[in-house]
Amino acid sequence: MAVVFDADFTSTSQWVAGRSSSYPRMGPTNRGDHKLDFLSRAYCPDGLFTATRRLGGDLWTCNLLTTEGSPEGFQVRTGDTLSAEVTLPVELGAWPAIWTWRDGGNEIDVFEYHPDNPDLLEISNHVRGGYRYWHGAEAGIAPGATFGLRTVLGAHSVDWFVDDTLIHADRRGVGADWHAYLIVNLSVSDGTYHARPPAFGPDRLGWTCHSLRVERGAPGDGGSPRRG
């Protein structure tokens, strides 16, 4: 396996900041998805993704980086392995995620997290249906925890690992010709399904993606070769 993507969250070649087709009209807001986001055009030194309370309303200025539209235009594809090390947020309302997106879909959620469910990681395959809510208290999943994630994007199964322990194999996969852009972001929950930030709570939320790498095998491993 060769490393084909090693994230630098300050790189204007790898990433576009604050614009994504996963948001209506490319952003900056997405209230229909129960988010209080107002996307920022800032990059994320040291992998720190933040949300800052805006004056005069309930929106928050939020970091989102995507490879969609970037000069390199990197896409993950069938057979790739994505690895990351993350530190979870502690503040209510914070909604961190690593996920994929292309052409209105092709979404795989490497993880989502909400501190009001302190030991729960949400992982999903929206390409072929299926999700898992994984309770990881015994593995140390909690607000502020640091741990490793690994997701193998197989044609016939997407497999998720936490610190090298398999937590879910969906036996659905993404198909042979799947490919999609990466998104790393911090959203803010509007209170519909998860707690929103307290009115008199912190004015800044944050989580850290310390590293993110994609490895790829020889052409033909897990699917057809594809540029990007």
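The side chains of Thr87 and Thr146 make a polar contact of 2.5 Å. The model is predicted, and local features need pLDDT of at least 70, side-chain atom pairs count only at pLDDT 80 or more, and totals for chains, interfaces and linings use all residues. Residues are numbered from 1 along each chain as its sequence is written, and side-chain values use heavy atoms, with hydrogens and water left out.

**Exercise 1.** Determine whether Thr87 is buried or exposed, and describe its contacts.

*Solution.* 
1. Thr87 has 17% relative accessibility and therefore counts as buried (under 20% relative accessible area; exposed is over 50%, partly exposed in between, with a 1.4 Å probe and protein chains only).
2. Besides Thr146, the side chain of His210 makes a polar contact with that of Thr87, at 2.6 Å. A polar contact is a pair of N or O atoms within 3.5 Å; within protein, one must be able to donate a hydrogen and the other to accept it, and residues adjacent in sequence count only if both atoms are side-chain atoms.
3. Leaving aside residues up to four places away in sequence, Thr87 touches Gly144, Ala145, Thr146, Trp207, Thr208 and His210 (heavy atoms within 4.5 Å).
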